[in-house]
Amino acid sequence: FTEADGLLDDHVQSLAEGPNGTLWIGTPSGVFSYANGTFRPLAPDRLLDTPYRSLAAQDSALWIGGSGGIYRYDEAGLTSFVDTTRRPLPPVRSLAPRAAGGLWVGTRAGLFRFVDEQFEHLEGTRSRTVLDVLDPPGGPLWLDTQDGLYRRVEGRPPQPFLDRLDGIVVRNLFRDRNRNLWLATDGAGLFRHTPAPFDHFTTADGLPHDLVWD
């Protein structure tokens, strides 16, 4: 599908599927829906001609993030949660529903936790650009940043994951039904991390020493 088919912008930056099967499309020219063979702009009086890089479907709501702020679209209409002209927030790069409720908001200045209409910086992420976030039920939280992939266990700061990924930019994260973690990279192909039956703990996790005798 291109502009010749009714899409108003051939540069597509994000996709999300609503509960009714509608496909939502984020572009530099705004947000559009695709249903029954037709593309339609969402709230053209408010969102048109503004780039929205991130979309996330949560229950019956669609979350929208970009340089114009953060919005939620549901049966009540379009609600603005951050008006960047009044309450500046770094440009949004990624959105992801939180397993515990609320939303994760990835920006050029780290990861924010959005709960009860309040934004809180996640410790240990302020200097990182967060490209994608994955928060599966049961954890852990995965952060895809411009300086590597990080894993966070609840209550601890994010820790780098796999030295093998040093220097590789991961663009997107996905976990399949078998709990495999898939990494889409910028020029290094596709990686799959298959969870092992053992967890690995080191001094980075609080262990007093990496030499364990018993």
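This is a predicted model: local features need pLDDT of at least 70, side-chain atom pairs count only at pLDDT 80 or more; totals for chains, interfaces and linings use all residues.
Which residue takes a positive phi near 90° in the hairpin of β13 and β14? Residues are numbered from 1 along each chain as its sequence is written, and side-chain values use heavy atoms, with hydrogens and water left out.

**View 1. G138 in the hairpin of β13 and β14.** G138 is the residue with a positive phi near 90°, and the hairpin has 6 residues between its strands. Strands here are DSSP runs of E with at least two residues, numbered from the N terminus. β13 and β14 pair in the antiparallel sense over 4 bridges; two strands pair if DSSP finds at least two bridges between them. Look across the pair and you will find D132 standing opposite D144 in β14.

**View 2. The open sheet of 4 strands.** Follow the order β13-β14-β15-β16, with antiparallel pairing. At the edges are β13 (130-134) and β16 (159-160), each of which pairs on one side only.

**View 3. β14 and β15 side by side.** Strand β14 (residues 141-145) meets strand β15 (residues 148-152) in an antiparallel pairing over 5 bridges. The two strands form a hairpin with 2 residues between them. To trace the bridges, start with L141, whose partner in β15 is R152, and then move to T145, whose partner in β15 is G148.

**View 4. Both faces of β14.** In a regular strand the side chains alternate between the two faces of the sheet. On one side of β14 are L141, L143 and T145, on the other W142 and D144, and all are buried. Buried means under 20% relative accessible area, using a 1.4 Å probe and protein chains only. Because 5 of the 5 residues of β14 are buried, this strand is largely enclosed by the rest of the structure.

View 5. S54 counts as buried because its relative accessibility is 2%. Its side chain reaches the backbone oxygen of R93 at 2.9 Å and the backbone nitrogen of S94 at 3.1 Å. Leaving aside residues up to four places away in sequence, S54 touches S14, W63, I64, G65, V92, R93, S94 and L95; touching, or contact, means heavy atoms within 4.5 Å.

Technical notes
Buried means under 20% relative accessible area, exposed over 50%, partly exposed in between (1.4 Å probe, protein chains only). A polar contact is a pair of N or O atoms within 3.5 Å; within protein, one must be able to donate a hydrogen and the other to accept it, and residues adjacent in sequence count only if both atoms are side-chain atoms.
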